[in-house]
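Hi,

Here's the structure I said I'd pass on to you.

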Amino acid sequence: MMLDILDIALLFFMAVTAISILRLKNLFAVVMLGGIYSLLSALIFVNLDAVDVAFTEAAVGAGISTVLMLGTLALTSREEKQEKKPSHKIWLPLMVCIATGAALVYGTLDMPRYGDPNAPIHKHVAPRYINDSMDEVGMPNIVTSVLASYRGFDTLGETTVVFTAVVGVLILLTGRRRRDKREPTLEELEEQEEEV
């Protein structure tokens, strides 16, 4: 009962944070709230006994992503600039979100209940990891054997995504520095004179 109340409270705070992110124009506040949203997600994962996923969410979502976004904000504006009205109505994105959410909810309807001892994971996957991981992998820690061996490609994929994001941000940052250092062209000088 206590865990249900905690889940409901965390989901409520996540909803409030998400709505606040959508409504704010200050990009610094959006980045900070994005980090808070990731921490709330990590707390939900901890509450569901998925501590490894919670650790990844906290490190990548709240840690690395927030630092990269703050680095990007250091080179750009802190306020969202809306030069023209969007060409589509607000109802189109709303309908896409509702349809996607409905599809995701529909996809979870045939999942076993949380903690069900007859779920396939408790009948097939978990016993194999517990009983055979030492013989098959040779590591005494079951979590390490799962992450490093059984789910090795998944872990490699997650690492590749983070590495690619860091490289992409670094490329963007160095490109911005090069543009700032180069000499202005004749056309740019004329535009600056016209503005004055």
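Which element of the protein chain has the lowest mean pLDDT, and which the highest? Helix H8 (residues 186-195) has the lowest, at 70, while H4 has the highest, at 91. Bear in mind that this is a predicted model. The average pLDDT over the protein chain is 81, and 86% of the residues score at least 70. Where pLDDT is low, the predicted coordinates should not be read in detail.

The largest pocket has a volume of about 840 Å³. Its lining is made of 24 residues, and Asp 49, Ala 50, Ile 121, His 122 and Ala 126 are the closest to the pocket's centre. H5 gives the most, with 6 residues. By type, the lining residues split into 17 nonpolar, 5 charged and 2 polar.

Then there's the surface. Ile 90, Trp 91, Leu 94, Met 95 and Ile 98 make up a nonpolar patch there, and together they have about 570 Å² of accessible area. One of them, Met 95, sits in helix H4 (residues 91-107), the element with the highest mean pLDDT.

Cheers

Conventions
Residues numbered from 1 in each chain as written. Predicted model: local features only at pLDDT ≥ 70, side-chain atom pairs only at ≥ 80, totals over all residues. Heavy atoms only, no water. Patch = residues over 30% accessible without salt bridge, like charges linked within 9 Å, V, L, I, M, F, W, Y side chains within 5 Å. Areas by Shrake-Rupley, 256 points an atom, 1.4 Å probe, with all protein chains shown as cover. Salt bridge = Lys/Arg side-chain N within 4 Å of Asp/Glu carboxyl O. Helix = DSSP H or I, 4+ residues; strand = E, 2+ residues; numbered from the N terminus. 1 Å grid on protein atoms, 1.4 Å probe; cavity = no way out; pocket = protein on both sides within 12 Å on 5 of 7 lines; lining within 4 Å. Points joined across faces, edges and corners; volume = space filled by probe spheres on them. Nonpolar A, V, L, I, M, F, W, Y, C, P; charged D, E, K, R; others polar. pLDDT = per-residue confidence, 0-100.
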